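Please open the model in a viewer and keep the selection tool at hand.

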Amino acid sequence: MTTLLPVELFHALAGLVLVAVAFQIARDRSHPRRWGSAAFWGLLALTFLAGKRLPPPLVGGCVVAMVALAASRQVGAPRRAAVDAAVRAAESERLRSRLLLPPLLLALVAAAGAFLLPRFVWDGGRLVDPKQATTIALGLGVVVALCYAMRLTRARVGAPLLEGGRLLQDLGFALILPQMLAALGGIFAKCGVGEVIAHATSALLPTGQPLLAVVAYCTAMPLFTILMGNAFAAFPLITLGIGIPFIVRQHGGDPAIVGAFGMLCGYCGTLVTPMAANFNLVPAVLLELDDRHAVIKAQAPFALACWLFNVVAMSALVYR
Amino acid sequence: METWREALKLIGVAIVAAGFALRLHPLLVILVAALATGFAAGIGPLALLALIGTLFVDNLFTTLPIVLLMPLIGLLEAHGLQERAAALIRSASRATAGRILLAYQALREVTSMFGLAIGGHAQMIRPLVAPMAEAAAAARRGPLPTLLRQQVRAHAAAAENWGNFFADDIVVAIGPVLLMKGVFESAGITVSIAALGGWGLPSALFALLLGAWRFRRLDRSIERQMPATEPP
């Protein structure tokens, strides 16, 4: 079956954006971490452009090299400053509400595309792989919104790559943190870590009863999030360990409901853990609060009430 | 003996927990945890490297949207998008601290529903939202006592987190929903992105109600501690 619009097209597009970032850095003599940063973005570009064709151990080597560069602080942001605040304010006055149209256009194309694209199917062919429709629709939305934004702002052709490159460098290695955590989740799955936790949990908790399995899963999510500081890290572990074997496989629960409410239970944990420093501790410093845990204290009643809601909602909906 | 070998596989979990607690470099912590878990499960070095490579490429889709979005967002920000979004919030006239924060949480939820991250503690809360909430609270009252002012600021930080967390990816999937999908697929279960996103909607609405409750309490506590000098 031929697919006219494969997701690899957008992998290549992202790869080219990343190549452009690497080139910008390599040409920027004032960049404080010139070669380390260029290598980091170049390697990431390589995984996007050729990751599926290169031998897997080589890609693994690229990943190790990226981690080594980031961990040895060889990856940094450029000295080049953002666009001046006065220029931004003037542009904001010039363009006014029209500035909000490209994001709206993006949302519209992405939502409509995710719905419509998988419907184009014919004998021996299709427009997109239905499993990739959302990603492809978002990619198309970006392309459409960017074309409109270019017309609207009358910016130079290189401006999006320049500004986007700066934002990507501001994100730095944090950009690939979710991808690395997902890969770690894959390793855990491959090595049967989930099963070990599942055994321990099933020995400790009465997961044989469908509703108690929900309560066990919804309690483990925030607890592990508090421990690890990140719901994304807890999610693969607890879902592979408790959610899938007990709620989905043993009791026939709906996986989409397990995932959606389970992740939100994890977020309730994020609200009360100092391990999630970027959400809870850094803001306290930024806002010059005397009590470092003032943000966590402000969030705690919300977190508890929200967690209760998610447990009740999952219990009521998952086994329908 | 067998039980111990099984339990050794949990070493990766311990490494992640300890590494994050000690604020070590997160990527390094994750890589070491991956290597340790693989070795504990008896996978050889080359096979492990290949596995990491394969899994990294399998999960490119978690990074892809951000890379594609940044040139668009960067261009718009250079032309004053954040300033325009701020102007939208500022135009609310019957403002109290709680109402400003609730409006911000709502705006943040609606935009993040479409996969757009317009906020951030450094970009929006410190320079804009917190000062606006403080100014609204101080109007007709004079300067707030330190403790109360800090409480308003802490709630401003909370508004960002609540708006950010609880309406993720409902319409446009970029991050968490894709991670969820990947986890279920690694266990051989196919889940639709639309279903994962859609089931987030009840909690997004409830989070807004909870925000309304917390911010109303904040307004009441300001009113109680420092009654307004003139009728509103």
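Helices here are DSSP runs of H or I with at least four residues, numbered from the N terminus. With that in mind, select R73(A), which lies in the loop between helix 3 (56-71) and helix 4 (85-95) of chain A. The model is a predicted one.

R73(A) is not a glycine, yet its phi is positive, at about 55 degrees. Most residues other than glycine have a negative phi. Is R73(A) buried or exposed? R73(A) is exposed, because a residue with 12 or fewer other C-beta atoms within 10 Å counts as such, and R73(A) has 11.

Next, select R154(A), in the loop between helix 6 (133-153) and helix 7 (159-171) of chain A. R154(A), also a residue other than glycine, has a positive phi near 50 degrees. R154(A) is exposed, with 8 other C-beta atoms within 10 Å.

**Second stop: the sheet of chain A**

Select residues 2-3, 121-122 and 125-126 of chain A. Three strands form an open sheet here, in the order 1-3-2 and with mixed pairing. Strand 1 and strand 2 stand at the edges with a single partner strand each, so one side of each has no neighbour in the sheet. Strand 2 pairs with strand 3 of chain A in the antiparallel sense over two bridges. To view one bridge, select W122(A) together with its partner in strand 3, G125(A).

Now display both chains: 116 residues of chain A are in contact with 101 residues of chain B. On the chain A side, helix 8 (residues 177-191) gives the most, with 15 residues. That side of chain A comprises 88 nonpolar, 21 polar and seven charged residues.

**Last stop: a helix pair within chain B**

Finally, select helix 9 (residues 146-165) and helix 12 (residues 201-225) of chain B, whose axes come within 11 Å and cross at roughly 170 degrees. These two helices are therefore also roughly antiparallel to each other. Among the residues that meet are H155(B) and W162(B) in helix 9 and G211(B) and F215(B) in helix 12. The contact of helix 9 with helix 12 has eight nonpolar, three polar and no charged residues.

Terms used. Residues are numbered from 1 along each chain as its sequence is written. Chains are lettered from A and ligands numbered from 1 in the order in which they are written. This is a predicted model: local features need pLDDT of at least 70, side-chain atom pairs count only at pLDDT 80 or more; totals for chains, interfaces and linings use all residues. Two residues are in contact if their C-beta atoms, placed from the backbone, lie within 7 Å. Ala, Val, Leu, Ile, Met, Phe, Trp, Tyr, Cys and Pro count as nonpolar, Asp, Glu, Lys and Arg as charged, and the others, Gly among them, as polar. Axes are lines fitted to C-alpha atoms, for helices over the stretch in contact, and angles run from 0 to 180 degrees between N-to-C directions. Angles under 35 degrees count as roughly parallel, over 145 as roughly antiparallel, 65 to 115 as roughly perpendicular and the rest as oblique. Two strands pair if DSSP finds at least two bridges between them. A residue is buried if 20 or more other C-beta atoms lie within 10 Å of its own, exposed if 12 or fewer, and partly exposed in between; C-beta atoms are placed from the backbone.
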